[in-house]
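Hi,

The structure is just below, and my notes come after it.

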2 protein chains.
Amino acid sequence: MAADGATQRAACGQRRVEGSSRCRDCEIRSRAFCAAFGDAELTALEAVIETISLNANSEVFFEGDTADYIYNVNAGTVKIFKSLQDGRCQILGFPVEGDLLGYPVGDSHTYSAETLTPVRLCRVSRARLRDLASGFPALESKLLEIMAGELAGSQAQMTVLGRKSAPERVASFLVQLSDKSIANGGTGASLSLSMSRHDVADFIGLTAETVSRVLTQLTRDGLIAIPQPYRVDLIRIEALRDLAAAEASI
Amino acid sequence: MAADGATQRAACGQRRVEGSSRCRDCEIRSRAFCAAFGDAELTALEAVIETISLNANSEVFFEGDTADYIYNVNAGTVKIFKSLQDGRCQILGFPVEGDLLGYPVGDSHTYSAETLTPVRLCRVSRARLRDLASGFPALESKLLEIMAGELAGSQAQMTVLGRKSAPERVASFLVQLSDKSIANGGTGASLSLSMSRHDVADFIGLTAETVSRVLTQLTRDGLIAIPQPYRVDLIRIEALRDLAAAEASI
DNA sequence: CGTCTAGTTGAATTATATCAATTCACGTGG
DNA sequence: CCACGTGAATTGATATAATTCAACTAGACG
């Protein structure tokens, strides 16, 4: 469904820059950093933003690249990850619509970003954004809020990676996707995955085989159902939450 | 050296509030968020900050507590961590002098904080800080910069926890401490640990026994020396870096 | 001088990784 | 429309890194 084979290099032709967009009409603006801008400032924002379309499996940027731009995901799913020398990979997250890609601080990107599905992005020059920000303190507030949210998420994921068992990790991952789906207006009961088992494994610190085994076991136990490989129905979501939430309930 | 036995609850008497401090004379101001304030604004800051002294092994706050204050570590070492229901623990970091404790966003603390050594803290009411911030946009910039640094650190640690072997984890930890020591003006060759083997284990996702075994092996291999349990000399630091840096060198 | 805790070391266990077939889903081309 | 080929997912057998359980050692402190 999502992956279509060869991880072909994103030729320039694949990266269609579609010119300035009309932020006024943007459906996800309220969820993105652009929410910081009032109607009055939108014109300035529109002049600075470009929309880009990418195929599945194309890179957006690499770790270490000069960070001239930051991006907002408009549609589709991206994976952001760090690579080790011998090919090991740690996926840091799966940004979707409304999520920020790249950080407003620092000279170079601290992770690589690659699309999992066809993706539409808004691209903003960091230099221009900085110019804008000087006039709108609300923007830095919003960015601070976003970064704090990401930091809290990273720390929760550190707990998953450092201290949870394989079934707990898988359950945590599913519950997390479910919550995100609910936040975006879905029911959270039926998930459409846009990443492979291997990507799931690289996110929660396991191997693809172990992820597969755990999913099979969860299916046998009646906690989930997998009608198609890229679809997961959460049947007994409270049981999944219990498994995931080895966390102390505050 | 650091731990002195029972994790006694911090009685109120141990939390000595010493009143307002003179930020002007603060030696670590340049390294803390207060660096955002110019000489002119320091008076306002001084009126809002309180200095607090804590014994070793006292809690600063718990995960879930209402976050009325944020803190700056002035001296000593703190551990910040998340707990699971059954007692498992993931340590997120070991803030030292100049580091921020608690985040300027969100209603409650997302982790617990406990001192490892005697600690001096600056405490600022978040409400008052917010008032100050409205006048000084530089403060939010500084906080954004700090949060971005912490986020990058968390993501690096995710890679350690998700994808590295036990020796690589220990080496990563030692190199990280060494770099921090260098950044603070030390040589980075001789480390004074303020945390137990168990705390190290809870930070890098291992058990205390495994940490101990790896340290013994690194000693046998001549990469480090451990003259006292809480002191580690890095003998062949390049070899340690190689071991730690399974990371792709950009 | 004895007690207590942290640390180290050893032996046995186990969860997960690794290696190796199958099976499955899906797009392609006949 | 169906056979085929391809990559992903699943399943099984085995290996192994790290944990667990347990004993022992060494400082620290009363």
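Here is what turned up, starting with the ground rules.

This is a predicted model, where local features need pLDDT of at least 70, side-chain atom pairs count only at pLDDT 80 or more, and totals for chains, interfaces and linings use all residues. Residues are numbered from 1 along each chain as its sequence is written, chains are lettered from A and ligands numbered from 1 in the order in which they are written, and side-chain values use heavy atoms, leaving out hydrogens and water.

Let's begin with the DNA. R213(B) reaches a base instead: an N or O atom of its side chain is 2.9 Å from a base nitrogen.

Now for the two protein chains. In chain B, 49 residues are in contact (heavy atoms within 4.5 Å) with 49 residues of chain A. The chains bury about 4200 Å² between them (accessible area, 1.4 Å probe, lost on being put together and summed over both), with 63% of it on carbon and sulfur atoms. Four salt bridges cross this interface (a side-chain nitrogen of Lys or Arg within 4 Å of a carboxyl oxygen of Asp or Glu). One of the salt bridges joins R163(A) and D202(B), at 2.9 Å from N to O.

Happy exploring!

Methods:
A polar contact is a pair of N or O atoms within 3.5 Å; within protein, one must be able to donate a hydrogen and the other to accept it, and residues adjacent in sequence count only if both atoms are side-chain atoms. Buried area is the accessible area (1.4 Å probe) that two parts lose on being put together, summed over both.
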